[in-house]
Amino acid sequence: MGIKKIRSHFLVLFVLVLSSLAFCSVRGSVSYDGRSFIINGKRRILISGSIHYPRSTPQMWPGLIQKAKDGGLDVIQTYVFWNGHEPSPGKYNFEGRYDLVKFIKLAQKAGLYVHLRIGPYICGEWNFGGFPIWLKYVPGIEFRTNNQPFKVAMQGFVGKIVNMMKSEKLFESQGGPIIMSQIENEYGPVEWEIGAQGKAYTKWAGQMAVGLKTGVPWIMCKQEDAPDPIIDTCNGYYCENFHPNKPYKPKMFTELWTGWYTQFGGPVHRRPAEDIAFSVARFIQNNGSFVNYYMYHGGTNFGRTAAALFIATSYDYDAPLDEYGLPNEPKYGHLRDLHKVIKLAEPALVSSYPAVTSLGNNQEAHVFRSKSGACAAFLSNYNPQSSVKVTFWNKQHDLPPWSISILPDCKTVAYNTAKVSSQSSRIKMTPVVGGFSWQSYIEESPTSGDGDTLVANRLWEQINVTRDSSDYLWYMTDVNIASNEGFLKSGKYPVLTVMSAGHVLHVFVNGQSTGTVYGGLDNPKVTYTGSVKLRAGTNKISLLNVAVGLPNVGPHFERWNTGVLGPVLLSGLNEGTKDLTKQRWSYQVGFKGESLSLNTISGSSSVEWEASLSAKKQPLTWYKATFNAPKGNDPLALDMSSMGKGQIWINGEGIGRHWPAYTAHGSCGGCSYAGTYSEKKCQTSCGQPSQRWYHVPRSWLRPTGNLVVVFEEWGGDPTGISLVRRTN
Ligand SMILES: *[C@@H]1O[C@H](CO)[C@@H](O)[C@H](O)[C@H]1NC(C)=O
Ligand SMILES: *[C@@H]1O[C@H](CO)[C@@H](O)[C@H](O)[C@H]1NC(C)=O
């Protein structure tokens, strides 16, 4: 190599170094200390909101993100949904509602940051807590503990997501919007329960995450022993008393619950806007520098994505943006006004810790001052009953009960958390398409036969057989009754007892439905007991067990079993009680209509449908109809109040499970914003369906000829179904 060449190489190298330096200076940096995050050298009080991309449609994302921006958010927070992205090992899906990169880039385009909670355990009332079902069947696996097969799988997925973000240049360190990530999720309580193996796992998870070198901080929520440099954070209704485990970590509220989720059979929860604002202000005045609303937009558990324990299809959460993406007023506006005032106070907030003085028995002032003269004050009244007059800087201030006034210049009150100036929403659900021309197709309850392929002399665990490809598993067996059985003469029929681990059990004898039992919110287990009209000769017993989603929470929820686990007993025979548990059982996963894809446009014509509606109130019935899309852009929903339980599809897209027949148990009463909130406090819909309306995304409709398919498990009256327009 000649001298000249070396010189030119040096020159190239020199230019490269220079340009990379220049590039570095436009790249972002995110760091933190005990006061706040520091983004590109600027200290920030960050307001964030959770919007989960698969709980809405890509067509809704720009509008939701823009409303989040207009509502004063700085950050969008989302989980990453492993079971949506890797439905079978190594087969990835980043399309449609799972187009994570598109979602993040839309946030970036709107000028928002992103907090990416990779997990990959996410809880979230999402099926199996976000884990793919195949993970349960990896040999030797134990979830969320110091278990090699689990750690290998987890590292694989987390690495996959981090690499994807890096190659799209989405971390702030690369000029992208992601300013922080999360590993694991609310693991502290589990670690506490399982001990040393849990501790080792936490340490491993932290090191693994940090080793991925994203260039932005990692957090762990509800994890007191989060290893450095990972920040431990707080989730709850209030977090003012939380302290991170090191003085050099910022105080973060990663989940401020704006309401609560709905369960089929449970009431709908509301959390007053005044109390949410109070919780935010109380957190900020006590050194808090990051608040995330969980949820800001809750959205919908489409298809079969809702978790077990009867999680409803609606994940509205009483969030500031409702399930349909409309502002939930006055919550949306009241929090937007709060964010404006926090922005005004930000220069003072980030420059100091507060000086706290007492203004009375239950009243305080928190004053923040910067060296350059900025000043902000929070005047608080913690008394839930009475308003008080306090004196601050020689001025009198009225503080309503349970409220905080914010003075962004220490002189003028710009906001009080209990004084709402936004108007309440006036939600209307107006029918736009009614009287669908329904056709019906009735499923026969299957019975055991000689040609059955799934057969065993025992009862199988349900998920092992279905691999969650359907909610439904049939357990079928025969009972031979000799002609000398006493009950044939006495008419005192034998009693069948079936124990199921949940969630719903339908019993059919000789093709006739003899009863349905379903679990309650505290206990999914069910037992069917009923006398059954058996006849001499062979009797066909078919048990339809329904798993309404997989669990999303609890130590070792991979060990959770469901299905008819037994015993199955028949009593009142000449021999006394006969145990059917260990006799020959045949199995069928799901329904014929499911295997024929009756829910899709192409599959829906593969059976003969009845045009007349003889099939009202008939269990195990498919209904279909076509309709034209209503004009305009207002969100749409199906009013299912006349139906029982089942699933809905439009043009093959899963609207979700419907279960309006499960009405809300609980006590609904008054709702005062003042005083410590719990989800028991402001309940609504008692005695009514827990969920009556089911969101139909506009983008799933074509102008004409849309196919709606309903599978009804219990029996309902489809003539009562209507398509409604939602306005506020
Ligand atoms: C805020 O943080 C500082 C520094 O850690 C601490 O001294 C002070 O007590 C905290 N103030 C409040 C109100 O939490
Ligand atoms: C799981 O199902 C298979 C058949 O698909 C069966 O051989 C096995 O015994 C089942 N295991 C359990 C625990 O039910």
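An oxygen atom of ligand 2 sits 3.2 Å from an N or O atom in the side chain of Arg458. That distance falls within the limit for a polar contact, defined as a pair of N or O atoms within 3.5 Å; within protein, one must be able to donate a hydrogen and the other to accept it, and residues adjacent in sequence count only if both atoms are side-chain atoms. An oxygen atom of ligand 2 is also 2.3 Å from an N or O atom in the side chain of Asn464. Around ligand 2 we find Arg458, Trp460, Glu461 and Asn464, where being around a molecule means having a heavy atom within 4 Å of it. On its own, ligand 2 has 360 Å² of accessible area, and the protein covers 50% of this; such areas come from the Shrake-Rupley method with a 1.4 Å probe, and for residues only the protein chains shown count as cover. The shell of ligand 2 is made up of 1 nonpolar, 1 polar and 2 charged residues. In this scheme Ala, Val, Leu, Ile, Met, Phe, Trp, Tyr, Cys and Pro are nonpolar, Asp, Glu, Lys and Arg are charged, and the others, Gly among them, are polar.

Before we go on, a word on what you are looking at. This is a predicted model, in which local features need pLDDT of at least 70 and side-chain atom pairs count only at pLDDT 80 or more, while totals for chains, interfaces and linings use all residues. Residues are numbered from 1 along each chain as its sequence is written, chains are lettered from A and ligands numbered from 1 in the order in which they are written, and side-chain values use heavy atoms, with hydrogens and water left out.

Now for ligand 1. Asn286, Asn287, Tyr353 and Pro354 are the residues around it. The protein covers 53% of the 360 Å² of accessible area that ligand 1 has on its own. The shell of ligand 1 holds 2 nonpolar and 2 polar residues, with no charged ones.

Stepping back, how is the chain divided into domains? The assignment gives domain 1 (34-328), domain 2 (348-421), domain 3 (428-441 + 595-727) and domain 4 (444-590); these bounds come from an automatic or database domain assignment. Between the C-alpha centres of domain 2 and domain 4 there are 63 Å.

Let us visit a few single residues. Asp74 lies in the loop between helix 2 (61-70) and strand 5 (75-79); helices (H or I, at least four residues) and strands (E, at least two) are DSSP runs, numbered from the N terminus. Is Asp74 buried or exposed? Asp74 counts as buried because its relative accessible area is 8%, given that buried means under 20%, exposed over 50% and partly exposed in between (1.4 Å probe, protein chains only). The side chain of Asp74 makes a polar contact of 3.1 Å with the side chain of Lys343. Beyond residues up to four places away in sequence, Asp74 touches Arg44, Ile45, Leu46, Ile47, Leu112, Tyr113 and Lys343, with contact meaning heavy atoms within 4.5 Å.

Ile133 is in the loop between strand 6 (113-119) and helix 5 (148-167), and with 17% relative accessibility Ile133 is buried. Ile133 and Ser469 are 336 residues apart along the chain, yet their C-alpha atoms are separated by 9.6 Å. Setting aside neighbours within four places in sequence, Ile133 is in contact with Phe128, Ile463, Arg467, Asp468 and Leu550.

Glu610 belongs to the loop between helix 12 (592-595) and strand 32 (621-627). Glu610 is partly exposed because its relative accessibility is 44%. Apart from neighbours within four places in sequence, Glu610 contacts Gln439 and Ser440.

Finally, some backbone details. Most residues other than glycine have a negative phi, and most peptide bonds are trans. Leu620, in the loop between helix 12 and strand 32, has a positive phi near 50 degrees, and Leu620 is buried at 2% relative accessible area. Asp318 has a positive phi near 55 degrees; Asp318 lies in the loop between strand 12 and helix 9 and is buried at 5% relative accessibility. The peptide bond from Glu329 to Pro330 is cis, with omega near 10 degrees, and Pro330 is in the loop between strand 12 (288-297) and helix 9 (331-349). The bond from Gly566 to Pro567 is cis too, with omega near -5 degrees; Pro567 is in the loop between strand 28 (537-546) and strand 29 (568-573).
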